[in-house]
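Here is a short briefing on one protein model. Look at the sequence and the fold first, then read the points below.

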Amino acid sequence: MTVIERREKILQILKARKKIDIKFLAKIIDVSEVTVRRDIRILEREGKLLRSRGVIILPDVSEYELSFMEREKENVDLKRKIAREAINFVKEGMVVGFDASTTALQIAKLVIEKGINITLVTTSLPIFRLVTYSNRANVILIGGEYDMKNLSFVGPITIRNLDMFCFNLCFIGASTIIPERGFFTPDSRGAEVIRHFALNSSKVIGVTDSSKFKKSAQYLSVDIKQIDVVITDDKFNGEYLKRFPSSVKVIMAK
């Protein structure tokens, strides 16, 4: 691959994904990080891309996409720990649902890194962009009304399409958790989408870092009785553990 071809490849990948981690980009095009960074500096001077905290983005990325990127970086180490536990539930040949949470995105990254052959179904545009470059996972994007704030799809079309599936398991996030009641989100349309992921799944796995136990959100997405496993991090307050019903298995990632 020539220098010109390599830089064109970088732009093609970026146009498809809107943003990408520099280290991950180097792996995709199979060159060193030093080489990729040199190409990025030149493309940035030409105004074809922008750098932001270890990732590259298109110059016309919206404020909503930038907002999502910032949320993605919150407690990223904790989310990666949770993802490493969650990936143990994913087996070859499964049909797996991924909601639009940033923790689910971390799990999707591991699916690609480990080359696990699954059918990945998601309402998340960032997850779809990520997985489309995998030559193992089959990805299905559930469309509908576009939610710019969360870069995902919601509404009756989304719900109707989700109801066509029978997932082996699904990964769902939350804005807050009340152990006696379930997972909550601040958006009623997003809550309905998560609810239907759970309704159509044989196993429901909640993935959320410990900070979500201190926040508030008003819409119940999944009742605690529907959740089989909750994976959080080891900063989790032990008092909350006692409040979960015995039917819920709680895993604290270390």
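Does Cys 166 count as exposed or buried? Cys 166 counts as exposed, because its relative accessibility is 62%. Buried means under 20% relative accessible area, exposed means over 50%, and partly exposed lies in between (1.4 Å probe, protein chains only).

This is a predicted model: local features need pLDDT of at least 70, side-chain atom pairs count only at pLDDT 80 or more, and totals for chains, interfaces and linings use all residues. Residues are numbered from 1 along each chain as its sequence is written, and side-chain values use heavy atoms, leaving out hydrogens and water.

**Cysteines**
- A disulfide is a covalent bond between the sulfur atoms of two cysteines.
- Here it is defined as a pair of cysteine sulfur atoms within 2.5 Å.
- A search of the whole structure finds zero disulfides.
- For Cys 166, the nearest cysteine sulfur is that of Cys 170, 11 Å away.
- Cys 170 is in no disulfide either.
- Cys 170 counts as buried, because its relative accessibility is 0%.

**The sheet**
- Helices (H or I, at least four residues) and strands (E, at least two) are DSSP runs, numbered from the N terminus.
- Two strands pair if DSSP finds at least two bridges between them.
- Seven strands form an open sheet in the order 6-5-4-9-12-14-15, with parallel pairing.
- Strand 6 (138-141) and strand 15 (249-253) stand at the edges with a single partner strand each, so one side of each has no neighbour in the sheet.
- From one strand to the next, the twist averages 20°.
- Strand 5 (residues 119-122) pairs with strand 6 in the parallel sense over four bridges.
- Leu 120 stands opposite Val 139 in strand 6.

**Helices on the sheet**
- Axes are lines fitted to C-alpha atoms, for helices over the stretch in contact, and angles run from 0 to 180 degrees between N-to-C directions.
- Helix 5 (residues 76-86) lies across strands 9, 12, 14 and 15, at about 145° to strand 14.
- Helix 6 (residues 102-114) packs on the sheet and touches strands 4, 5, 9 and 12.
- Contact means heavy atoms within 4.5 Å.

**Helix 1 and helix 3**
- The axes of helix 1 (residues 3-17) and helix 3 (residues 33-45) come within 10 Å and cross at roughly 75°.
- That makes helix 1 roughly perpendicular to helix 3, a term for angles of 65 to 115 degrees.
- Among the residues that meet are Ile 10 and Leu 11 in helix 1, and Ile 42 and Leu 43 in helix 3.

Note on methods
Parallel < 35°, antiparallel > 145°, perpendicular 65-115°, else oblique.
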